[in-house]
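Colleague: Before I use this model, I would like the labels checked against their cut-offs. Please take me through them.

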Amino acid sequence: MPNAKPASLPDPPYYAVVFTAIRTEGDNGYAARASEMLQLASAQPGFLGVDAAEGADGLGVTISYWRDEESIASWRNHALHTPTRDEGRERWYETFAVHVAKVERAYGFTRPQI
């Protein structure tokens, strides 16, 4: 993945919503809906970015970053996000966990191009 890179974020503080899941077998419309939800979330006030990865064992982790808790609550209660969460429980996830954390410190590294 040469073009993959971590989300570019402002200086803390901000919030991270960590969604960890094991999906059901098959796509069942998941990829299209996930793309729609990312596009919709990206347009919400307070959205800062997202990082996502899936391991060979099927464990997926998506971390969305938000300016404040009000922005998270607004996204959680969005009219199109709410039914999608319900559909996820019915069709796409065997199990999932959500963790919300305040980021108070952040740093990174990028290897210089030679």
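Modeller: What follows sets the computed values against the definitions behind each label.

Modeller: This is a predicted model, in which local features need pLDDT of at least 70 and side-chain atom pairs count only at pLDDT 80 or more, while totals for chains, interfaces and linings use all residues. Residues are numbered from 1 along each chain as its sequence is written, and side-chain values use heavy atoms, with hydrogens and water left out.

Colleague: How many helices and strands are there in the protein, and what makes a run count as one?

Modeller: The protein has three helices and four strands, in the order β-α-β-β-α-α-β from the N terminus. Both kinds are DSSP runs numbered from the N terminus: a helix is H or I with at least four residues, a strand is E with at least two.

Colleague: Are Tyr14, Tyr65 and Phe96 buried or exposed?

Modeller: Buried means under 20% relative accessible area, exposed over 50%, and partly exposed in between (1.4 Å probe, protein chains only). Tyr14, at 4%, is buried, and Tyr65, at 10%, is buried too. Phe96 has 32% and counts as partly exposed. Glu90, in helix α3 (residues 81–92), has 68% and counts as exposed. Of the 114 residues of the protein, 27% count as buried.

Colleague: How do you know that Arg23 lies over the face of Tyr30?

Modeller: The test asks for NZ of Lys or CZ of Arg within 6 Å of the ring centre and within 35 degrees of the ring normal. Arg23 is 3.9 Å from the ring centre of Tyr30 and lies over its face.

Colleague: Which residues make up the largest nonpolar core?

Modeller: Nine residues make up this core, including Tyr15, Val17, Phe47 and Trp66. A nonpolar core is a set of buried Ala, Val, Leu, Ile, Met, Phe, Trp, Tyr and Cys residues joined through side-chain atoms within 4.5 Å. β1, α1 (30–42) and α2 (69–76) each supply at least two of its residues, and α1 gives the most, with three.

Colleague: What makes β2 and β3 a pair?

Modeller: Two strands pair if DSSP finds at least two bridges between them. Strand β2 (residues 47–54) and β3 have seven, in the antiparallel sense, so they pass. Val50 stands opposite Ser64 in β3. The hairpin of β2 and β3 has four residues between the strands, and Gly58 there takes a positive phi near 95°.
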